[in-house]
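Thanks for coming. I will take one structure and go through a few of its backbone details, then its domains. Please have a look at it first.

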Amino acid sequence: MQFASDNTSGVPDAILDALRAANQGYAMGYGADTYMDALRGRIRALFEAPEAEVFLVSTGSAANAMACASLCPPWGAIYCHRLAHIEVDECGAPEFFTGGAKLTHVAGENGKIDPDALALTLAQSCKGVVHHVQPGLLSLTNLTECGTRYSVAEIAALAEIAHAHGLPVHLDGARFANALVAEGCSPADMTWRAGVDVLCLGGTKNGLFGVEAVIFFNTAQAWEFQLRRKRGGHLPSKHRYLSAQMLAWLEGDLWLNLARNANAMAARLEAGLTEHAQIAYPRGGNMLFATWPRAGHDRLQAVGAQYYLWPDYATFDDPDPIGARLVTSWSTTESDVDHFLTALTGQNALASDRALG
Ligand SMILES: *Cc1c(COP(=O)(O)O)cnc(C)c1O
């Protein structure tokens with residue numbers, strides 16, 4: 001019963017098979033491999049963006065930080081939600097790689113930036129005044145860090161405001177596939193057509209060994225990104241093992257099917273939780289935040305269920321109810337979910353005497 005994060009899952013056999021196939025013979029390094037040529041073509045076709053530039057790195061933090069650095073000068077402001085991964089989970093990497101750009105919070109409910117708040121923040125940004133950091137970049141996350149989802153229309157509205165002020169738009173897509181299948185739109189609709197200039201497309205949490213693609217729809221800064229990636233120590237030498245994985249992941253909609261499973265298991269979990277827990281945010285995909293009484297946590301701990309408490313400073317000694325973050329993955333099964341619910345509620349919902357755990 002593993003609900004701590006989608007990065008606790010393994011990788012599907014199709015990815016291992018692709019790696020085994022890519023392991024035959026020799027391939028040029030540093031992205032000059034034929035898998036990368038095929039992957040670039042596949043991403044361009046999938047996103048209906050024939051000019052897009054695509055680069056791979058092995059962590060989402062590197063992807064975000066170096067994408068932000070390519071889009072925002074050191075004296076720029078990066079507008080983001082206060083719960084954004086770039087703000088709270090990257091140990092200052094965006095500030096480090098940008099050379100000191102200022103992450104500036106924009107308010108909004110449920111982890112989503114509010115368009116009026118963005119418009120007001122930009123109207124009051126004092127552009128052109130030498131004492132102030134200059135408006136640099138809008139950064140969104142989909143799914144958000146609260147497990148909620150921006151609709152295509154919401155992304156487009158925010159991007160329009162940003163572009164009207166001359167700002168490019170970065171989308172942290174660590175869980176982009178989960179957002180995409182939940183929204184039921186095309187990859188183009190959720191990105192460049194809605195005004196996204198650069199997407200960090202997460203593979204790791206949805207079935208890959210450390211592969212994230214940085215996709216420049218607006219290619220003006222693509223060369224700068226390449227230089228930053230190399231200079232930052234994030235250009236993989238045996239690159240084929242990244243490109244071959246992501247190519248296999250995009251084959252036959254595997255990436256979408258993996259995300260569909262994660263989302264479906266989160267929906268099953270949510271349905272089972274509604275009577276027994278308080279759910280904090282509207283579920284956008286494969287992540288849930290909920291609170292329930294201590295006794296349920298005790299039973300779950302006793303059977304070895306794994307999940308993070310929420311907020312992240314919460315402890316099992318907190319007064320009732322205690323919050324938890326629950327994340328499902330491509331490999332979560334119905335029985336994982338049902339066992340979890342049985343332990344949480346203390347009822348044998350499965351009507352069986354199978355051992356838990
Ligand atoms: C996991 C995650 C990332 C990437 O994190 P790394 O640990 O650096 O790979 C980026 N953004 C969000 C929203 C995430 O959840």
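Is Tyr30 buried, partly exposed or exposed? Keep in mind that this is a predicted model. Tyr30 has a relative accessible area of 47%. The cut-offs are under 20% for buried and over 50% for exposed, so Tyr30 counts as partly exposed.

Why pick that residue? Most residues other than glycine have a negative phi. Tyr30 is not a glycine, yet its phi is positive, about 60°. As for its place in the chain, Tyr30 sits in the loop between α1 (13-22) and α2 (34-46).

With a relative accessible area of 28%, Asn110 is partly exposed.

Now the peptide bonds. Again the background comes first: most peptide bonds are trans. The bond that joins Asn142 and Leu143 is cis, with omega about -10°. Leu143 belongs to the loop between β4 (134-141) and α7 (152-164). A cis bond also leads from Asp320 to Pro321, and there omega is near -15°. To find Pro321, go to the loop between β10 (308-309) and β11 (322-327).

Next, the domains. The domain assignment of the chain gives domain 1, residues 12-254, and domain 2, residues 259-356. Taken over C-alpha atoms, the centres of domain 1 and domain 2 are 30 Å apart.

How many residues of each domain are in contact with the other? On the side of domain 1 there are 16, and on the side of domain 2 there are 15. About 1,300 Å² of area is buried between domain 1 and domain 2, and carbon and sulfur atoms give 54% of that. The residues on the side of domain 1 that touches domain 2 divide into 6 nonpolar, 7 polar and 3 charged.

What about salt bridges across this interface, how many are there? The rule finds 0 between domain 1 and domain 2. For polar contacts, the count between domain 1 and domain 2 is 4 residue pairs.

Notes
Residues are numbered from 1 along each chain as its sequence is written. This is a predicted model: local features need pLDDT of at least 70, side-chain atom pairs count only at pLDDT 80 or more; totals for chains, interfaces and linings use all residues. Side-chain values use heavy atoms; hydrogens and water are left out. Domain bounds come from an automatic or database domain assignment. Contact means heavy atoms within 4.5 Å. Buried area is the accessible area (1.4 Å probe) that two parts lose on being put together, summed over both. A salt bridge is a side-chain nitrogen of Lys or Arg within 4 Å of a carboxyl oxygen of Asp or Glu. A polar contact is a pair of N or O atoms within 3.5 Å; within protein, one must be able to donate a hydrogen and the other to accept it, and residues adjacent in sequence count only if both atoms are side-chain atoms. Ala, Val, Leu, Ile, Met, Phe, Trp, Tyr, Cys and Pro count as nonpolar, Asp, Glu, Lys and Arg as charged, and the others, Gly among them, as polar. Helices (H or I, at least four residues) and strands (E, at least two) are DSSP runs, numbered from the N terminus. Buried means under 20% relative accessible area, exposed over 50%, partly exposed in between (1.4 Å probe, protein chains only).
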